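Please keep the sequence and the model in view while reading.

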Amino acid sequence: MSTPSLAALPIRRLTLRDLVACADLSEDRGWPREEHKWGLLLAAGKGYGIDDPEGGLVSACVVTEYGARHRPDLGGIGMVLVAERHARQGVGRRLMRHVVAEMGTTPLTLYATPYGRPLYEELGFKVTGSSEMVRGHFTAGEPLSTVTTRPAAAEDLATLVRLDEEVFGADRTHVLTRLPAFADQLRVAEENGRVIGYAAAWPNMDTQVVGPLIARDTKTAKALVTSLAAHTDRPLRTDVDVRHEELLTWLKERGLASVGLNTVMAYGVPDLPGDWTRRFAPLTVAAG
């Protein structure tokens, strides 16, 4: 029997049962396996993939929808991968076209690597900004401000969901309610008993990823990062909106170094919703 052509292979929905295959695909392309992150994305989002007749996956990606369940306000696309043996044969383009068509009129966003950006531009995505990934062992400096931080409690969750929707611009309840189990740390910043920011740190291979990082101002963001760093021995990693120059400079002064830039792109809207001045870092670039 002849092997079907790539164009004839069906695109199907992925589930948590495909987690290992997705991690294998990441590893095939030289990315970390990131099974912990794949687990969150496949549970909170919609995975799409193409099975390889010889085993494993030809290609995969995940879309995380935000807003009303049947009429989302935004979809974040991430983890767009094609197996090395099938690269440069139009598979990624076909999968992305399928996802865009499936999402209909829902605005979309993604973080593009330099390698992927030409494809996304061809599909109609427009550049809206960029983020810088920094990584390293955090070295605490002089005590910061009087900003108070503490571990989040169960009764904080409703407050965090409301604050997050205001800043992100769409409801992320289905993602945020998974944070306590997904993250090693979830902390809030307070002023006079009022929550003015929150941040999580979650395990990714040998690092702790800081994200989301939502804060009233840079001072509050610094206090949250400092409090997270104080409770882990691992290197920190985070993706900061480049418009937050003060925070990026401060992180580099504290031992984190730049390891790459991603281009933030959108489809169907001229710019992303929400308040970027309080949105310092995403949960993960893979979820928009």
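## Helix H9 and its surroundings

Which strands and which helix do the buried residues of H9 pack against? In this predicted model, the buried residues of H9 pack against strand E6 (126-136), strand E10 (207-215), helix H8 (218-229), strand E11 (236-241) and strand E13 (279-281), where contact means heavy atoms within 4.5 Å. Helices (H or I, at least four residues) and strands (E, at least two) are DSSP runs, numbered from the N terminus.

Helix H9 covers residues 245-253, and within this helix Leu247, Leu248, Trp250 and Leu251 are buried. Seen down the axis of H9, these buried residues fall within an arc of 165 degrees, so they line one face of the helix; the arc is that of the directions from the helix axis to the C-beta atoms. The face turned away from the buried side of H9 carries Glu245 and Glu253, which are exposed. Here buried means under 20% relative accessible area, exposed means over 50%, and partly exposed lies in between (1.4 Å probe, protein chains only). Just after H9, Gly255 takes a positive phi of about 110 degrees.

## How the model was read

Residues are numbered from 1 along each chain as its sequence is written, and side-chain values use heavy atoms, with hydrogens and water left out. Because this is a predicted model, local features need pLDDT of at least 70 and side-chain atom pairs count only at pLDDT 80 or more, while totals for chains, interfaces and linings use all residues.

## Salt bridges

A salt bridge is taken to be a side-chain nitrogen of Lys or Arg within 4 Å of a carboxyl oxygen of Asp or Glu, and by this rule the count comes to 26 salt bridges. Two of the pairs involve H9. Glu132 forms a salt bridge with Lys252, with the closest N and O atoms 2.9 Å apart; Glu132 lies in strand E6 and Lys252 in helix H9, so the pair ties together parts that are 120 residues apart in sequence. Glu132 is buried, with a relative accessible area of 10%, whereas Lys252, at 38% relative accessibility, counts as partly exposed. Glu246 forms a salt bridge with Lys222, the closest N and O atoms being 3.1 Å apart, and this pair links Glu246 in helix H9 with Lys222 in helix H8, 24 residues apart. In this pair Glu246 is partly exposed, with a relative accessible area of 48%, while Lys222 is buried, with a relative accessible area of 13%.

Elsewhere, the side chains of Arg29 and Glu84 meet in a salt bridge (3.2 Å, N to O). Arg29 lies in the loop between helix H1 (19-28) and helix H2 (35-44), and Glu84 in the loop between strand E4 (72-82) and helix H3 (91-103), so the pair ties together parts that are 55 residues apart in sequence. Asp24, Glu27, Arg33 and Glu35 are linked in a network of salt bridges.

## Aromatic rings

Rings of Phe, Tyr and Trp (its six-membered ring) pair if their centres lie within 6.5 Å, and planes under 30 degrees apart count as stacked, over 60 as edge-to-face and the rest as tilted; by this rule the count comes to five aromatic pairs. The rings of Phe138 and Trp250 have their centres 5.5 Å apart and their planes at 55 degrees, so this pair is tilted. Phe138 sits in the loop between E6 and strand E7 (148-151) and Trp250 in helix H9, 112 residues apart, and both residues are buried.

Phe182 and Trp202 form another tilted pair, 5.0 Å centre to centre with 40 degrees between the planes. Phe182 lies in helix H7 (residues 179-182) and Trp202 in strand E9 (residues 194-204), so the pair ties together parts that are 20 residues apart in sequence.

## Nonpolar cores

A nonpolar core is a set of buried Ala, Val, Leu, Ile, Met, Phe, Trp, Tyr and Cys residues joined through side-chain atoms within 4.5 Å. Of the 41 residues in the largest core, Trp38, Leu42, Leu57, Tyr66, Leu179, Tyr198 and Leu283 touch the most other members. A second, separate core of 25 residues includes Ala189, Ile196, Val225 and Phe280.
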